[in-house]
Amino acid sequence: MIPLNSNLASLKRSPIRLYTNLARQTPDCVLLTIGEPDFNTPEPVKAAAIAALQTNQTHYAPNQGTQALRRAVAEFETNRGNPTAEDQVLITIGASHALFTALLGILNPGEEVVIPTPGFNLYETIATVAGAKAVHLDLTQTGFQIDAEALNAAITPKTKAVILNSPCNPTGTVFSRESLAAVKQAVLGKPIFVVCDNVYQQLSYAECPDLSLDPELKDQLILCQSFSKPYAMTGWRIGYLTCPGYVMERLLLLSAAEIAATPTFVQEAAVTALQTDPAPMREIYRRRRDYVAERLRKMGLPFPEPEGAFYVFPDISQFGLGSEEFCTRMITEGKVATVPGACFGSDRHIRLSYCCGEAELEKGLDRMEAFLKSL
């Protein structure tokens with residue numbers, strides 16, 4: 001056999017997909033695994049794509065993205081307090097591509113990236129592909145907030161980036177002003193990037209402080225964003241990143257080599273999406289959050305209070321099972337599927353997604369309660 005890229009040797013399939021597939025192979029199993037909105041894409045967004053197709057917008061777009069979408073993104077970001085020019089915007093294939101482009105573009109082999117944990121497992125995957133090292137900053141002992149002393153201890157001369165995801169996948173928590181102040185103090189003026197993964201920022205139920213709005217960090221900040229979550233556009237695969245001009249010069253070259261460009265007609269739909277208010281969907285998620293939280297409290301499961309996104313992260317350690325065994329048994333015995341917390345960096349927890357209708361959510365929680373009583 002011919003040797004392959006050794007950086008890929010430790011990569012594994014996403015546990016989210018693995019447990020979702022196991023659940024789908026289990027008859028009559030309720031899926032509370034995937035973080036995908038159960039809503040359909042808004043009609044005006046679909047209409048914009050159809051109109052673009054009918055006017056033959058089916059040719060290559062510019063590598064950086066169409067001017068119309070980059071202008072719309074720049075206006076959107078500027079209006080929310082993040083002054084952005086069109087040439088600071090790169091249109092990507094969802095936030096995953098934005099994150100890959102950002103991290104591969106800044107990380108050298110042997111450098112380190114600090115990842116607040118529990119956190120999305122894709123961050124470590126990208127660091128591994130880049131030949132860099134993921135340094136996990138454990139938040140489970142600090143109320144799922146960033147402790148300044150612990151962060152400073154995690155930063156070394158090899159640190160190249162700190163990743164922030166707020167609201168957070170998998171906990172739904174929002175980083176406090178104190179947490180963000182700790183990050184700013186730790187990195188300001190140093191050769192360290194802050195990579196803000198803001199994909200759930202528009203699905204916050206309360207105030208959501210955002211370090212990407214801090215003008216003092218402008219030259220150190222890369223923002224990754226997606227249309228998937230707030231606009232129910234997961235299958236469209238469209239997102240963007242913003243960054244300083246000196247960074248964009250390199251990231252644009254990398255993105256052009258990776259994908260050439262995102263589909264032209266999809267970018268037209270994204271322009272319309274930015275004019276769409278996600279508040280109605282957010283309010284439905286809020287009501288589901290309240291229902292799930294009430295049910296979990298009655299089950300005696302502690303969890304960090306979700307302040308955004310559509311996840312809750314209950315602690316199941318009282319049952320004496322690791323999260324993978326717990327989730328496997330709950331699928332096979334209880335007919336309800338969640339994701340092991342181990343894949344996010346905490347084996348004491350499981351992640352439950354409330355991206356499903358109220359009736360299905362009630363059925364799933366009823367089954368979960370019955371399963372817990374059987375343990």
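Predicted model: local features only at pLDDT ≥ 70, side-chain atom pairs only at ≥ 80, totals over all residues.
## Ground rules

Local features need pLDDT of at least 70 and side-chain atom pairs pLDDT 80 or more, while totals for chains, interfaces and linings use all residues. Residues are numbered from 1 along each chain as its sequence is written, and side-chain values use heavy atoms, without hydrogens and water.

## Helix H1

Let's start with H1, residues 15–24. Helices here are DSSP runs of H or I with at least four residues, strands are E runs of at least two, and both are numbered from the N terminus. Pro15, Ile16, Tyr19, Thr20 and Ala23 of H1 are buried (under 20% relative accessible area with a 1.4 Å probe, protein chains only; over 50% is exposed, in between is partly exposed).

Those buried residues line one face of the helix, because they fall within an arc of 135° seen down its axis (taken from the directions from the axis to the C-beta atoms). Their cover includes helix H11 (323–332) and strand E12 (350–353).

## The E9-E12-E11 sheet

E12 also turns up in an open, antiparallel sheet of three strands, ordered E9-E12-E11. E9 (311–312) and E11 are the edges, each pairing on one side only. Pairing takes at least two DSSP bridges, and E9 and E12 are joined by two. Val312 sits opposite Leu352 in E12.

## Tyr200

Tyr200 is in the loop between E6 (193–197) and E7 (221–226), and is buried at 3% relative accessible area. Beyond its neighbours within four places in sequence, its contacts (heavy atoms within 4.5 Å) include Asn165, Lys229, Phe310 and Tyr311.
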